[in-house]
Amino acid sequence: MELISLKNISRFYNDQKIKALNNITQSISQGEFVSIIGPSGSGKSTLLNIMSGLDKPTHGEVFFKNKKIDNNRSWTDIRSKNIGFVFQRFNLLPTFTALENVEIPMFGVIKNSKIRRSKATELLYQMGLKDRLHHFQSELSGGEQQRVAIARSLANSPDMIFADEPTGNLDSKTSESIINLLLDVHLKHNRTLVIVTHDKEIAKISNRVINILDGEIVNESFQK
Amino acid sequence: MKFINVPFRNLKRRPLRTLFTIIGISIAVSSVILLISMSRGIEKAWVNSLTERNVHMLGLGSETIEILTSTLDEDLKKEIKTVQGVKNVSGELVNLLRLKQGIHLIQRGWPKNSFLWNTVQLKEGNLLKPEDSDKVLIGQTVSRKLNIKTGDSIIMLNKIFIVDGILAPAGTMNNSVVIFHLKTLQKLINKNKKVTEFHIQLNQPDDLTKVKEIQSELNKTFPKIVFIQTKEVGEKNDILIIFKNITWTTSLISLIVALFFILNTLLMSVSERTKEIGILNALGWSRNKIIIMIITEGIIIVSIATVLGYILGVISLKWLVRLPRLNGFFEPEVSDYMFFEILLVTLFLGIVGSLYPALKAVSLNPVDALNQE
Ligand SMILES: Nc1ncnc2c1ncn2[C@@H]1O[C@H](COP(=O)(O)OP(=O)(O)OP(=O)(O)O)[C@@H](O)[C@H]1O
Ligand SMILES: [Mg+2]
């Protein structure tokens, strides 16, 4: 089943002078592991942001489960329940503990605060952060922060995880463990995983690699 | 974690700024409490002093602004008495006096046969006899402050008077009173044959339509006098009206200042949290949830500030009424009701003041917000 599909998507800046994305038609299916690669400034993040409704295309349409999505309300609902985000710079909320960061997306989805807490605790345990529940961002290493972020992305058991260069700010050893965690998350529940990356190794292990250059898809390869 | 913890946590990230904002607003709130309870207190003290004397209506010089400058002919009493529905009429001469000791008194002169004498309750001593032209009755506060009892003397306007009795405790104004025979006070302050006002008792004070009829009848018959129902005295007195207007204007200014405090604080807070608001958006928080979060921050600030301001207001009021110069003229009273009145206003301000910052927060482009440093 197609989860997200883009139809003739373009994203222009400065009155068409900058074409971050140019007429892209593409879709992501349930259970896929897709890598998006390409040089800096090629439009990778823009693509991911449009697939999650954070950014709006200049032209074209976006569908979620074959339904056209064109308003903010539907998008926040989809982001809340169906998409988990992992960022390059981790983006934990600095005034909240690891545990609270994982609870934040659950407001409005899980009504009971005790259930929120126990679910968040469980997710952090799964990420190997048993001893870091009550630590703040400033008290965590980069790798730990990213693991909290992965736990947070799983808060509402989404269908999809979107990760924009999740290892871009980490050393190679830590990167490996983060990728393994993401892979785990993908394999265990047949969750869709879309990763923007510069890392050839990550690209190698994904099902599909979308190669993008100057806002256009120049190559798409499938692998087992 | 409960949702309410989120706005609390946001306010705690800059504890001093939050504290100063709360202090600022609570000072505004306390000044409003102070002003309003003072203005209501003055009116209440006056109304009380009249109800304690079973007075239903008051007749004052129609062209006077300040009641003490009202002068009426004492003989008008007989004519007023003839109006139907009027049970009793008594003239009264009033004077305010500041003793050398710094104590303020209200001097009142009553005619010998006035019904007002019947309303007096004594703690000790005797009511004045008709021939007691050098004797007076004094209120509680006067007795306490000057430390004088029945039989002691009191000097007013260079004349010596003997205290013949002390009134039982009553409202603030009647506690600060010195009662004379009308003739004595007229002589003392050179107002021969004059009174300040007429006190009127009605046959049927509870029949409101009847009271209104008598009132307009009196006003028609005596164009030089304006007749006011006891409960209206505050609404009809120009000085009190001016005082009330000043009170309301000053209160309004205080509250507008408070509004800008909230607005400024939350606007700063929101602009330094741009990225976090972007993150919340990316995590699927709806616009409404973000708006509610920020408005709740405003509500938390004003609620704490109102409680603090109320306490501050009550304390400063207690201190203010002890000031010798103010003592005796008003009965400021802060009721729970007033707390809720103010709370209603400040909650409104809190919501209005946080609405703009909240709307500003959700109007950000989420990608730009996320890319902020
Ligand atoms: N707000 C903006 N205003 C103008 N141009 C923009 C804006 N955001 C992005 N762009 C341009 O759009 C193009 C695509 O940007 P995008 O961030 O998608 O690239 P990217 O592939 O993610 O790059 P990187 O690997 O460096 O993250 C770039 O040329 C960028 O300069
Ligand atoms: Mg990028």
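**Notebook: helix packing, the chain contact and salt bridges**

I began with two helices of chain A in this predicted model: helix 5 (residues 142–153) and helix 6 (residues 172–188) pack at an angle of about 10°, with their axes 10 Å apart. For the terms, I noted that helices are DSSP runs of H or I with at least four residues, strands are E runs of at least two, and both are numbered from the N terminus. Axes are lines fitted to C-alpha atoms, for helices over the stretch in contact, and angles run from 0 to 180 degrees between N-to-C directions. Angles under 35 degrees count as roughly parallel, over 145 as roughly antiparallel, 65 to 115 as roughly perpendicular and the rest as oblique. Helix 5 and helix 6 of chain A are therefore roughly parallel to each other.

I then looked up which residues touch, with contact meaning heavy atoms within 4.5 Å. From helix 5 of chain A come Gly143(A), Gln146(A), Arg147(A) and Ile150(A), and they meet Thr174(A), Ile178(A), Leu181(A), Leu182(A) and Val185(A) of helix 6 of chain A. This contact divides into five nonpolar, three polar and one charged residue, where Ala, Val, Leu, Ile, Met, Phe, Trp, Tyr, Cys and Pro count as nonpolar, Asp, Glu, Lys and Arg as charged, and the others, Gly among them, as polar.

In chain B I looked at helix 10 (residues 274–282) and helix 11 (residues 287–322), whose axes come within 10 Å and cross at roughly 140°, which makes helix 10 of chain B oblique to helix 11 of chain B. Here Ile277(B), Leu280(B) and Asn281(B) in helix 10 meet Ile290(B), Met293(B) and Ile294(B) in helix 11.

Turning to the two chains together, I found that the contact takes 23 residues from chain B and 27 residues from chain A. They bury about 2,200 Å² between them, 61% of it on carbon and sulfur atoms; buried area is the accessible area (1.4 Å probe) that two parts lose on being put together, summed over both.

Between chain B and chain A I noted a count of one salt bridge, meaning a side-chain nitrogen of Lys or Arg within 4 Å of a carboxyl oxygen of Asp or Glu. The side chains of Arg9(B) and Glu100(A) meet in a salt bridge at 2.7 Å, N to O. Within chain A, Arg132(A) forms a salt bridge with Glu144(A), their closest N and O atoms being 3.0 Å apart.

Last, I checked confidence: the mean pLDDT (the predictor's confidence in each residue, from 0 to 100) is 95 for chain A, while chain B averages 91.

On method, local features need pLDDT of at least 70 and side-chain atom pairs count only at pLDDT 80 or more, while totals for chains, interfaces and linings use all residues. Side-chain values use heavy atoms, without hydrogens and water, residues are numbered from 1 along each chain as its sequence is written, and chains are lettered from A and ligands numbered from 1 in the order in which they are written.
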